[in-house]
Amino acid sequence: MFLSSLFYRLFAPKYTEEASGFIDKSPEYVFVNNKSSFRKMLGILEQADSCVMDTEADSMHHYQEKLSLIQISVGKYHWLLDPLCGLNIKPLWKCKALKQITFHACDYDLRLLSIFHGFYPERIYDTSIAAKLLGEKQTGLAALVAKYFGMQLDKENQKADWTKRPLSPEMCRYAVLDTIYLDAIKELQCKELNKLGRMEWLQESCDTLLKNSRKNQNEFLENTQRDNWRLRGSNAFKPLELQLLRAAWHWRDKEAKRRDCASYRVLNPYLMLNMVKIAARIKGKITEHNLPKMPRNMKGPLLQSFLKMLNEAVAAPSSEFPTQATRKSTPRTAINEDLRERLRELRNEKAAQLKVDSGLLAKQSQLNVLADSLLGGWEEKFKFAEFMNWQREIWEALVLKATLPKTPSEFRAWAKERILAMSAESKAEESEKLIAELASHSALESGYIATFYPTELEPQIIPLLKKLSEEGRLLLPRVLDKKNMEFVLVQDIENDLQTGVFGIIEPKASLPAFLGTPAAFIVPGVVFGKDGSRMGHGTGYYDRFLASCKGIPRIGLAYSVQIRSSIPQSATDIRMDEVLWARS
C-alpha cells in the first residue's frame, strides 16, 4: 500500500485547485514557437511535480518521419510546443515535471521522444493501461472522455499533416484536447484502482511498458541498420523472389523520397510482395500484363521505370541474388496442448472474476511457455514467461488447479462436466456446424451411413438423421446383449425407434438387422483425441463392432469441449480415421 500511495502522490498534479481547467470545453493554450513563450513554459515545468503529454507526427504524409508537435499540460496550463520552429528545446527534458509524465497509450509517443530527442521519463502513468486494469471495454481516449465527462471528442484531425504551419484553430483545439482531460481521468482512475487494490498492478505495468519501450527501441535501431527491405512475409522467399523484392523496395524508397511521401503511398507492401512472387514465375520479359492490377498512380514513365527495374533485377547474375536471412536460433519447445487449454480456461475464468480482459493475465506466448514440457517447474516457467509480480501472484494460485485427467474415469468425468456446463446455445451452434460439415463430407456422398441417435451428451445431429432416413440410407445401432450390438436400416425415425436398455433411442426389435456394408461410420464418444484416439462410456460396444469392419471410414463426432490432443488407448480401443468438432 505504501508503494501504491507513493505512486499516486508522484502523479498528483501541483495545481489541483485549478481542476476546472481539466474539463474546460474551450481551453486556453499557448502555442510555443519562440524563446519568450518557451521560457515561460519552462518556468512552470521546473516547479511542477508532473505533467501530461502527447505528441503528433507526420509519418503518413512525408518520407522522413518528424516529431511535429508536443502537447504539454499542467493543471490549467496548456502548451502546444512546436519542435520544428528552430528553437533549442534541450532544456525542456531536464524540467522537474518531465520526470513523471501522464500519457494515454504512450508506446508511439515514447518511441518518438526517444528517436528525436533521446528522452525517456523516469516514470509514466498510462491512462489506457489503467482503463484496462479497471476492466473498461473501450479504452480509447475518446471513449474515456465520453464516459467520465459526457464529451464527444472530434477525431477528424487524427491523421492530419502536423508539419503544416500555421496550424489551423481546429487542429490546435484537437491537439490540446488530447491532454487536458488526462489528469482528471487519472484522478478518477486512481480512486477506483485503490478501491480494487490494483494501484501496484498499474505501477508495475507502467514501469514494464517503459522498460520494454527502451528495449524495443534498441532492437528497432538494430533492425533498421540491417536488411530493412526484408518485409514481413518474405522469410520463405526463394533467391529470385528476394532479388526482386530488394530491387522493388529500393525503387519504392527512392520514389517516396522524391515525392516526400510515406513509402506505402507509392506501393502497398502486400501488393509488392504479391507482385514479386508473380514476377518471379514469369519466363521472359516482365510486362504490365504479367502483373496484378497496378495502383492508379502507376502509369506512364513511372510504370516503365518500375518494369525496367524488375527486368534488370532478373537479368543480374544469380550469384548476386540475396539468400534467406539467417534466423536466430530459437529454443526447442514441446507444448502440451491439453495443459495449455486448461491454463487458458483458468485464465479466462479468473479474468471474468476480475472483470478484465484475459490478455492482461497472460498472452498466448506466455501460455505456450507455461505449457512447455521442456522447461522445469512453475518457477522456471514464470521466469521465462516474463510475468510481472502481480501476474505471477495470480498464476501461483491458478497453476495449483492446472491438473489433467489421467485415468479413464477421470477423463470421462472431465468431459461430462464440460459438456454439462455448455449452454444450450453453444450446443445448438456447434451441432449446426457439424451437420453442415458432414453434409459436404465425401465419405457420406452415397451408400448407407451408420451413425447414432444422440443423447444429451452428444452433438444433436437429428436433422442429419432425418435427411438420411428420407434418402433410405440411415443405419442406427441396436443393443443385443451385454457385449454386442447391430445396425438397423431406419426409414422412419418418427415410428421406427424406441427407448433401449440404456435409455438410448434405438430401432425397434421388430425391424430386421442390416446385413450389408456401410459406406461410413459416424461414431459418438465421451472424449476424443485430435490424433483419432477415442474413449467411449466404457462398455466397449463400438470397439468390438468396429474391429470387424476393416477399410470403412470411421468419423468421430464431438463437441469442442470433448477434444484433447491425445488420450491413452488400450490394445482393444479402435482409433478414428478422422475426428470432427466445431473449431472456434
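How many of the 5 residues of strand β9 are buried? In this predicted model, 4 of them are. Local features here need pLDDT of at least 70 and side-chain atom pairs pLDDT 80 or more, while totals for chains, interfaces and linings use all residues of the predicted model. Residues are numbered from 1 along each chain as its sequence is written, and side-chain values use heavy atoms, without hydrogens or water.

**View 1. Strands β8 and β9 form a hairpin.** Strand β8 covers residues 474–479, and β9 covers residues 485–489. Between them lie 5 residues. The two strands pair in the antiparallel sense over 5 bridges. L475 stands opposite L489 in β9. Strands are DSSP runs of E, at least two residues long; helices are runs of H or I, at least four, and both are numbered from the N terminus. Pairing requires at least two DSSP bridges between two strands. Buried means under 20% relative accessible area, exposed over 50%, and partly exposed in between (1.4 Å probe, protein chains only).

**View 2. The largest nonpolar core has 69 residues.** L45, L92, L98 and W395 touch the most other members. Helix α8 (residues 199–224) gives the most to this core, with 6 residues. A second, separate core of 40 residues includes A450, F487, F514 and I555. A nonpolar core is a set of buried Ala, Val, Leu, Ile, Met, Phe, Trp, Tyr and Cys residues joined through side-chain atoms within 4.5 Å.

**View 3. F502 and Y541 form an edge-to-face pair.** Their ring centres are 6.0 Å apart, with the planes at 70°. F502 lies in the loop between β10 (497–499) and β11 (505–507), and Y541 in helix α20 (residues 541–546), 39 residues apart. Y541 counts as buried because its relative accessibility is 8%. Rings of Phe, Tyr and Trp (its six-membered ring) pair if their centres lie within 6.5 Å; planes under 30 degrees apart are stacked, over 60 edge-to-face, and the rest tilted.

**View 4. F521 and F545 also pair edge-to-face.** The centres are 6.0 Å apart, with 75° between the planes. F521 is in strand β12 (residues 520–523), F545 in helix α20. F521 is buried at 1% relative accessibility, whereas F545 is partly exposed at 22%.

**View 5. The charged end of K381 sits over the ring of W378.** It is 4.8 Å from the ring centre. W378, F382, F387 and W395 form one aromatic cluster. A charge sits over a ring if NZ of Lys or CZ of Arg is within 6 Å of the ring centre and within 35 degrees of the ring normal.
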